[in-house]
Amino acid sequence: MEKQSTRAEWDVVYAERACLLAQADAFGLTTEKTAYSNAFNALGTYLNAGVTYTPSATPPNWLTDANLSATTTIAGTTFRANWSALYTARQTLLNTVSATAKTLASAAQTAANNAQTTAGNAQTAATNAQTT
């Protein structure tokens, strides 16, 4: 594996992790959040030489600055499967956040439209009451 590019990719997924988890929390998406967290942790553990990885600013062992130049033998199918699982869970979470936000926005728009109609009806009734 080309460790420098893998480290760059890891840095990106690590950097976006907190935001994704916060969005999941904001919309109450526990199933999708759990799937994403599990996939992230599984990848981190794989890249940490099989030792349980606890998310932190320090990358997994194989990707630390001290180990970037060291040769690490990997199982290519496992490596790709872990990255694929992370990106699949990430996309599912993003899609669910988007769908949930759209549903909430549509409901808010409907409530606003109904309030505007009610206010308009009240204005019309008040105007009619003044003219009679």
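How many Å should the 18 residues of α2 span at 1.5 Å a residue, and how far apart are its end C-alpha atoms? Keep that in mind as you open the viewer. What you have on screen is a predicted model, and this tour goes through it one selection at a time.

**Stop 1: helix α2**

Select residues 30-47, which make up α2. At 1.5 Å a residue, the 18 residues of this helix should span 26 Å, and the end C-alpha atoms are 25 Å apart, so the two values agree.

Now colour the buried residues of α2: Tyr-36, Ser-37, Ala-39, Phe-40, Leu-43, Gly-44, Thr-45, Tyr-46 and Leu-47. What covers them? The cover includes α1 and α3. An α-helix has 3.6 residues a turn, so residues three or four places apart point the same way.

Step just past the end of α2 and click on Ala-49. This residue takes a positive phi of about 60 degrees.

**Stop 2: helix α3**

Next, select residues 76-131. This is helix α3, with 56 residues. From the first C-alpha to the last, α3 reaches 82 Å, close to the 82 Å expected at 1.5 Å a residue.

Which residues of α3 are buried? Highlight Phe-79, Asn-82, Trp-83, Leu-86, Ala-89, Leu-93, Thr-96 and Val-97.

**Stop 3: the aromatic rings**

Show the side chains of Phe, Tyr and Trp. The model holds seven aromatic pairs. Begin with Trp-10 and Tyr-53, an edge-to-face pair with 5.5 Å from centre to centre and 85 degrees between the planes. This pair links distant parts of the chain: Trp-10 is in helix α1, Tyr-53 is in the loop between α2 and α3, and they are 43 residues apart.

Now move to Tyr-14 and Phe-40. Their rings form a tilted pair, 6.5 Å from centre to centre with 40 degrees between the planes. Tyr-14 lies in helix α1 and Phe-40 in helix α2, so the pair ties together parts that are 26 residues apart in sequence. Tyr-14 is partly exposed, with a relative accessible area of 27%, whereas Phe-40 counts as buried at 0% relative accessibility.

Select Trp-10, Tyr-14, Tyr-36, Phe-40 and Tyr-53 together: ring pairs link them into a cluster. The charged end of Arg-17 sits over the ring of Phe-40, 5.1 Å from the ring centre.

**Stop 4: the salt bridges**

Side chains of opposite charge can pair when their charged atoms come close. How many salt bridges does a search of the whole structure find? The search finds four.

Select Asp-65 and Arg-7, whose side chains meet in a salt bridge of 2.8 Å, N to O. Here again distant parts of the chain are linked: Asp-65 is in the loop between α2 and α3, Arg-7 is in helix α1, and 58 residues separate them. Asp-65 is exposed, with a relative accessible area of 61%, while Arg-7 counts as buried at 16% relative accessibility.

Go on to Glu-16 and Arg-90, which form a salt bridge of 2.6 Å, N to O. Glu-16 belongs to helix α1 and Arg-90 to helix α3, 74 residues apart.

Then pick Lys-33 and Asp-25. In their salt bridge the closest N and O atoms are 2.7 Å apart. Lys-33 is partly exposed, with a relative accessible area of 24%, and Asp-25 counts as partly exposed at 49%.

**Last stop: Thr-72**

Where is Thr-72? Look in the loop between α2 and α3. Thr-72 is buried, with a relative accessible area of 18%. Show Lys-3 as well, and you will find a polar contact of 2.6 Å joining the side chains of Thr-72 and Lys-3.

Methods
Residues are numbered from 1 along each chain as its sequence is written. This is a predicted model: local features need pLDDT of at least 70, side-chain atom pairs count only at pLDDT 80 or more; totals for chains, interfaces and linings use all residues. Side-chain values use heavy atoms; hydrogens and water are left out. Helices (H or I, at least four residues) and strands (E, at least two) are DSSP runs, numbered from the N terminus. The expected span of a helix is 1.5 Å times one less than its number of residues. Buried means under 20% relative accessible area, exposed over 50%, partly exposed in between (1.4 Å probe, protein chains only). Contact means heavy atoms within 4.5 Å. Rings of Phe, Tyr and Trp (its six-membered ring) pair if their centres lie within 6.5 Å; planes under 30 degrees apart count as stacked, over 60 as edge-to-face and the rest as tilted. A charge sits over a ring if NZ of Lys or CZ of Arg is within 6 Å of the ring centre and within 35 degrees of the ring normal. A polar contact is a pair of N or O atoms within 3.5 Å; within protein, one must be able to donate a hydrogen and the other to accept it, and residues adjacent in sequence count only if both atoms are side-chain atoms.
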